[in-house]
Amino acid sequence: MFIEMFQLLFTVVSIEAALIITLGFGTPVRRAVVKLLDLFKQGRGPLVTKTVAATMLVLFGSVLFSTIQINTRLSESGAVANSTDQVMFANRLLEAFLMGK
């Protein structure tokens, strides 16, 4: 299962890299790609915006839930946070901060 996911990820990243390289140089292929992209995304601006906003909301909710879960676990045990919890908490705070920027 993981191998198929990595193959799909590699394929998508390769296509994105090829598109970036194509758009990076002023060739006739670039003009065709830009026209194709304009036709493809025409009228879909609000849909893309709503999709990105929903994705950000879900990710931020996940980070918030995880942070609250770590704090609840620490307050219930009444103990000092161990190093694993501290690293997880710092990682989640960094994710939330970077998402907000």
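User: Why is F89 called partly exposed?

Analyst: The relative accessible area of F89 is 25%. Buried means under 20%, exposed means over 50%, and partly exposed is what falls in between, using a 1.4 Å probe and protein chains only. F89 is therefore partly exposed, because its 25% falls between those limits. Before we go on: this is a predicted model, where local features need pLDDT of at least 70, side-chain atom pairs count only at pLDDT 80 or more, and totals for chains, interfaces and linings use all residues. Residues are numbered from 1 along each chain as its sequence is written, and side-chain values use heavy atoms, with hydrogens and water left out.

User: Where is F89 found, and what does F89 touch?

Analyst: F89 is found in helix α4; helices here are DSSP runs (H or I, at least four residues), numbered from the N terminus. Leaving aside residues up to four places away in sequence, F89 touches T67, I70 and N71, where contact means heavy atoms within 4.5 Å. By way of contrast, the C-alpha atoms of F89 and L39, 50 residues apart along the chain, are separated by 44 Å.

User: What makes R73 and D85 a salt bridge?

Analyst: The term asks for a side-chain nitrogen of Lys or Arg within 4 Å of a carboxyl oxygen of Asp or Glu. The closest N and O atoms of R73 and D85 are 2.8 Å apart, so the pair qualifies. This pair links distant parts of the chain, with R73 in helix α3 (residues 45-77) and D85 in helix α4, twelve residues apart. In general, side chains of opposite charge can pair when their charged atoms come close.

User: Are D85 and R73 buried or partly exposed?

Analyst: They get separate labels. D85 counts as buried because its relative accessibility is 10%, while R73, at 38%, counts as partly exposed. D85 touches I70, R73 and L74, not counting residues up to four places away in sequence.

User: How many salt bridges does a search of the whole structure find?

Analyst: Two. One of them joins E95 and R92, with the closest N and O atoms 2.9 Å apart. Both residues lie in helix α4, three residues apart, about one turn of the helix. E95 counts as partly exposed at 28%, and R92 is partly exposed at 26%.

User: And why is I3 called exposed?

Analyst: I3 has a relative accessible area of 59%, which is over the 50% limit, so the label is exposed. I3 lies in helix α1, and its C-alpha atom is separated by 40 Å from that of E76, 73 residues apart along the chain.

User: Where does UniProt place the feature "transmembrane region"?

Analyst: The unreviewed entry puts it at residues 6-26 and 47-68; UniProt positions use the numbering here, feature names are shortened, and annotations may be inferred rather than shown by experiment. In the model, residues 6-26 are 90% helix and 0% strand, and residues 47-68 are 100% helix and 0% strand.

Definitions and conventions:
Helices (H or I, at least four residues) and strands (E, at least two) are DSSP runs, numbered from the N terminus.
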